[in-house]
Structure formats: structure tokens, C-alpha cells
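Please look through the structure shown below, and then follow the description from the whole chain down to single residues.

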Amino acid sequence: MTDAEWAVVRPLLPVPAWLRGRGGQPEAYCHRAMLDAIRSLVDNGIKWRATPGDFPPWDRVYAFFRRWREQVLVREFHDRLRDRVRQEAGRDPQPTAGVIDSQSVKADAVVGADSRGFDGGKLVNGRKRHVVVDTLGLLLGVVVTAADTGDRTPCRSCCDKSPARTTCWHWSGLMAATPAASWSTAWPRSRWC
């Protein structure tokens, strides 16, 4: 992470309890090093135990990530960054419109049969990811299901993960049973939520 990136990210990080006078002891590793390790893992798609030696030990990095995930800080951190990007683009920090779509992707042989299925329309044996993005293309919500799952229920769940004021637009085929949508309706005429 460059110094300029760190200057943007640092104020968005939660203040540790020991710095707020709530007890505990100082953390052994710098948050910048921990974030760099997590970014390296995500970028290279490696396993936790394969974390390069330049970073803190993998188990400390994983414990740091797990603690943030359990306290929903990863999502909060993402949302803060998204709000900042939207403000810099001259937009309201909270999106009012989103676009939802799904994509079926092949699953590796090691993926359990209970979490994958066969999408007959796309001829894909794997999983399906349902994604909501705002009008700038920034992520609002994601749901991953087996590929044989229909789009209606996961899309509603995915839309529920987006900010409360967001109206989600979708391809009409996703909600053909909704009176406002029809198979012949072109993008993006029908409202989701």
C-alpha cells in the first residue's frame, strides 16, 4: 500500500479498544502490514498458510481478518470506501439506484455437491453469483448459490444487503412472475425493491 493509499485508508479503520481506554493491550502488528497481507492474499488467490514471509505470521493475519469479519468491520470498511468514492465523484454517499444480475460459473471438482448445481440454461455445473452494483459499478451486495437455484429468491436477498434507500433494477426475466415485469420488457423498466 502506498503512503497516499494509507493516508486515505487509515482514518476509515476502527480505533482499537486499547486506544479508546477500554482495556486490552496494544496489538503486536501494524494494521497497515495486516491490510497489505490480506490484499496480497486476495490479489494472488493464495492460501492463508502461504502468506509470504514479508508479512506478519499467517495465523495472526487470519485472526485479524476473522475478528473484523465477525464484527462486520470488513463490510463497514468496504461501505465507507464506497461512500468516499461516490462523494469524490460528486454523488450522494448512499446510492439510490442499483443494478442486479447473476452469472453461473464452473466449480472445481473439489467443490462439494451440496453447494453446486447444474444450470441448464447456461450448461454450467457450478455456482451462481448474484451481484448488486450502484450506477458507478461499485459493489452493494453479493449472494452465492448453487447454479441450479432460480434467480428470484437470491436476488431479493442480495437486494436486501444493499443500502436501505436503494431501488434495484434487474433484467425482466428475473421477476417474470411480478405483475410489473414481463418477459418482453426491456432493461431496466421493472422495479425490484
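The accessible surface of this protein, which is a predicted model, comes to about 11,900 Å², and 53% of that area belongs to carbon and sulfur atoms. Of the 193 residues in the protein, 33% count as buried. The fold contains five helices and five strands, and from the N terminus on these elements follow one another in the order α-α-α-α-β-β-β-β-α-β. Among the contacts between residues at least 6 apart in sequence, 48% join residues that are at least 24 apart.

From the overall layout we can turn to the empty space. Rolling a probe the size of a water molecule over the atoms shows where such space is left. The largest pocket holds about 480 Å³ of space, and of the 13 residues that line this pocket, Leu35, Ile38, Arg39, Phe77 and Leu81 are the closest to its centre. Which helices contribute at least two residues each to the lining of the largest pocket? They are α1 (3–9), α2 (31–44), α3 (58–70) and α4 (73–88). By residue type, the lining of the largest pocket divides into ten nonpolar residues, one polar residue and two charged residues.

The second largest pocket holds about 390 Å³ of space, and its lining is made up of 21 residues, of which Pro16, Glu27, His31, Phe64 and Arg67 lie nearest the centre. Here α2 and α3 each supply at least two residues of the lining, and the largest share, five residues, comes from α3. The lining of the second largest pocket divides into 13 nonpolar, five polar and three charged residues.

Strand β3 (residues 124–134) and strand β4 (residues 139–146) run antiparallel and are joined by seven bridges, with Arg129 standing opposite Val144 in β4. The hairpin formed by β3 and β4 has four residues between the strands, and in this hairpin Gly137 takes a positive phi near 90 degrees.

Is Val132 buried or exposed? Val132 counts as buried because its relative accessibility is 0%, whereas the cut-off for buried is anything under 20%. Val132 and Ile100 are 32 residues apart along the chain, yet their C-alpha atoms are separated by 4.3 Å.

Methods:
Residues are numbered from 1 along each chain as its sequence is written. This is a predicted model: local features need pLDDT of at least 70, side-chain atom pairs count only at pLDDT 80 or more; totals for chains, interfaces and linings use all residues. Side-chain values use heavy atoms; hydrogens and water are left out. On a 1 Å grid over the protein atoms alone, a cavity is a set of points where a 1.4 Å probe fits but cannot get out, and a pocket is an open set with protein on both sides within 12 Å along at least five of seven lines; lining residues have an atom within 4 Å of a point. Grid points are joined across faces, edges and corners, and a volume is the space filled by probe spheres set on the points. Ala, Val, Leu, Ile, Met, Phe, Trp, Tyr, Cys and Pro count as nonpolar, Asp, Glu, Lys and Arg as charged, and the others, Gly among them, as polar. Two strands pair if DSSP finds at least two bridges between them. Buried means under 20% relative accessible area, exposed over 50%, partly exposed in between (1.4 Å probe, protein chains only). Contact means heavy atoms within 4.5 Å. Accessible areas come from the Shrake-Rupley method with a 1.4 Å probe; for residues, only the protein chains shown count as cover.
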